[in-house]
Amino acid sequence: MADAGDRPLVYRHRLATRLWHWLNALIVIVMLMSGLMIFNAHPRLYWGQYGANADRAWLQIGASPTRGMLRIGDRSWDTTGVLGRWKDREGNVQTRAFPWWATIPSRYSLSAARRWHLAFAWLLVAGGLAFLVASLFNRHIRRDLLPRRGELAPGNIWHEIADHARLRLPAGEAARRYNILQKLSYLGVIFGLLPLLVLTGLTMSPGMNAAWPWLLDLFGGRQSARSIHFLCAAAMLLFILVHLVMVVLAGPFNEVRSMVTGWFRLPRERGR
Amino acid sequence: MISRRKAIGAIGAAGLLSGCDRIIASPTVRGVLRSAEGLTMRAQRLVTDRTALAREFGPVDLSPVFRSNGTAMPRSADYAAHLASRFADWRLVVDGLVARPLSLSLAQIGAMPARTQITRHDCVEGWSAIGQWTGVPLRLLLDRAGLRNGARYIVFHCADDFGAGKYYESIDLIDAFHPQTIMAWALNGQMLPVANGAPIRLRVERQLGYKHAKYVMRIEVVASLAAIGGGKGGYWEDSNDYEWYAGI
């Protein structure tokens with residue numbers, strides 16, 4: 001290529017990062033979809049130690065004889081066709097919370113969803129721990145993810161937000177490193193969302209409650225843990241959607257290649 | 001009229017998803033997934049002292065309404081007769097691999113030492129209810145009957161009909177001899193209501209609700225679960241592939 005000289009290939013993602021990324025792409029999707037099926041077994045969320053049908057749910061997905069609805073607090077929305085009331089592949093009306101295309105398996109089965117969720121949870125934890133060890137060892141966290149001096153200054157963060165809002169993504173030398181928004185997102189997922197998902201998941205286990213009673217105190221009860229688990233899963237879904245949009249905006253071929261081979265071509269400086 | 005793009009998209013999505021369902025239904029995949037249950041059980045037993053207690057709550061923490069689930073009223077004529085006579089002729093049988101088989105009336109069980117505990121009941125579906133349970137520790141019944149060599153599991157045979165047969169569940173000796181494992185005859189200070197399993201039900205506090213067999217008629221001590229029902233140790237385990245170890 002004629003312009004390859006001013007757009008060098010850089011080795012951006014080490015093997016541990018790439019392996020973990022693709023392993024997680026599979027695991028997180030299975031966890032999200034089987035989790036939605038588990039939610040379908042009791043589509044209500046509560047705060048506190050207990051919560052069942054007679055108790056006040058802060059979030060509920062339900063159905064009337066004709067409509068599907070989502071209720072949060074005192075507000076409710078008509079969600080017919082997507083949540084609470086939808087047609088399955090055969091065209092039959094179903095009144096489960098999340099629709100067939102969003103769940104594993106697609107036909108209602110709490111036991112099958114639990115088998116998937118609780119088996120892949122082991123892979124999520126094992127892969128996450130292996131990644132953490134590798135990333136401490138190869139200095140990925142310190143070198144690539146931890147913010148540098150000045151990066152956390154409000155002015156810099158605001159500058160990045162403004163640039164992203166105008167879709168002016170980092171180019172040239174600046175694209176060698178993650179920008180502060182990327183760093184904070186990745187750190188938030190690795191050290192925030194993922195540990196929270198695992199710990200709130202364990203808090204729902206009656207066996208783990210006996211083993212580690214502090215889990216109940218940390219999250220304020222099993223039903224609070226279930227609510228936090230759901231909210232973290234929603235945040236994880238939001239992260240994935242934004243992540244995919246950014247990959248498309250930043251150049252999907254270059255981005256996917258870098259996560260497969262490790263090699264990333266620096267984008268051209270603006271104005272050249 | 002559906003546009004061609006929409007039709008292709010729908011067929012593609014349906015193909016992808018039915019592919020997923022084929023993977024999900026494959027016996028090999030199910031076998032691999034099922035192996036996680038053993039891993040979970042061993043890991044939980046590793047980090048849990050075998051006598052570690054489930055959290056016990058105070059009276060202020062009780063659920064205003066304790067939800068009942070599953071059978072609310074067993075259908076059999078035998079059960080109806082027991083209910084009509086207030087369980088006067090009802091007997092709890094303890095047999096199988098025991099030195100001294102037992103047949104105990106409700107009065108005899110009520111005269112044995114009782115334990116009262118306010119604990120949280122967790123349904124596999126996701127909801128929880130807190131209730132106060134009173135009953136005889138299962139350990140005392142098993143000690144009185146005396147386990148014989150080879151005893152490994154305790155099977156609970158129930159009065160309520162499920163599908164073709166009766167409900168049944170099983171636990172191992174670690175949970176059977178746990179201090180909070182009781183045969184409960186009272187809920188929230190009242191004799192156990194029919195909807196919650198009268199006259200007695202199992203409480204096995206470190207596992208999910210479907211393990212807590214209601215309407216228990218017979219406690220059988222066995223060496224293996226292979227000959228019980230479909231061989232997986234419980235009604236939901238045999239009929240719907242729920243986990244036998246329900247600590248998570």
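This is a predicted model: local features need pLDDT of at least 70, side-chain atom pairs count only at pLDDT 80 or more; totals for chains, interfaces and linings use all residues.
**Briefing: chains A and B, their interface and local geometry**

Chain B is divided into two parts, domain 1 (1-47) and domain 2 (54-240). In it, chain A and chain B bury about 3,700 Å² between them, and a search of the whole structure finds 24 salt bridges over all chains.

**Layout of chain B**

- Taken over C-alpha atoms, the centres of domain 1 of chain B and domain 2 of chain B are 35 Å apart.
- An unreviewed UniProt entry annotates residues 87-223 of chain B as "domain: Oxidoreductase molybdopterin-binding".
- That span, residues 87-223 of chain B, is 45% strand and 13% helix, and its end C-alpha atoms lie 31 Å apart.

**Where chain A meets chain B**

- The contact involves 39 residues of chain A and 49 residues of chain B.
- Interface size is often quoted as the accessible area lost when the parts come together. For chain A with chain B, that area is about 3,700 Å², with 59% of it on carbon and sulfur atoms.
- Between the two chains, 20 residue pairs are in polar contact, counting pairs with both residues at pLDDT 80 or more.
- On the side of chain A that touches chain B, at least two residues come from each of α1 (15-41), α2 (110-137), α6 (206-211), α7 (214-219) and α8 (222-250).
- Helix α2(A) gives the most to this side of chain A, with nine residues.
- Sorted by class, the side of chain A that touches chain B has 22 nonpolar, 10 polar and seven charged residues.

**Salt bridges**

- How many salt bridges cross the interface of chain A and chain B? The rule finds five.
- A:Arg222 pairs with B:Asp122 in a salt bridge, with 3.4 Å between the closest N and O atoms.
- Within chain A, A:Arg14 forms a salt bridge with A:Asp144, and their closest N and O atoms are 2.7 Å apart.
- Why does the pair of A:Arg14 and A:Asp144 tie together parts that are 130 residues apart in sequence? A:Arg14 lies in the loop between β1 (9-11) and α1 of chain A, while A:Asp144 lies in helix α3 of chain A, so the pair links those two parts.
- In chain B, the side chains of B:Glu205 and B:Arg203 meet in a salt bridge at 3.1 Å, N to O.

**Backbone details to look at**

- As background, most peptide bonds are trans, and most residues other than glycine have a negative phi.
- In chain A, the peptide bond from A:Ile104 to A:Pro105 is cis, with omega near -10 degrees. You will find A:Pro105 in the loop between β7 (93-94) and α2 of chain A.
- In chain B, B:Ala198 and B:Pro199 are joined by a cis peptide bond with omega about 0 degrees. B:Pro199 sits in the loop between β8 (190-191) and β9 (201-203) of chain B.
- A:Arg139 has a positive phi, near 60 degrees, in a residue other than glycine. Its place is in the loop between α2 and α3 (140-145) of chain A.

Note on methods: Residues are numbered from 1 along each chain as its sequence is written. Chains are lettered from A and ligands numbered from 1 in the order in which they are written. Side-chain values use heavy atoms; hydrogens and water are left out. Contact means heavy atoms within 4.5 Å. Buried area is the accessible area (1.4 Å probe) that two parts lose on being put together, summed over both. A salt bridge is a side-chain nitrogen of Lys or Arg within 4 Å of a carboxyl oxygen of Asp or Glu. A polar contact is a pair of N or O atoms within 3.5 Å; within protein, one must be able to donate a hydrogen and the other to accept it, and residues adjacent in sequence count only if both atoms are side-chain atoms. Helices (H or I, at least four residues) and strands (E, at least two) are DSSP runs, numbered from the N terminus. Ala, Val, Leu, Ile, Met, Phe, Trp, Tyr, Cys and Pro count as nonpolar, Asp, Glu, Lys and Arg as charged, and the others, Gly among them, as polar. Domain bounds come from an automatic or database domain assignment. UniProt positions are given in the numbering used here, feature names are shortened, and annotations may be inferred rather than shown by experiment.
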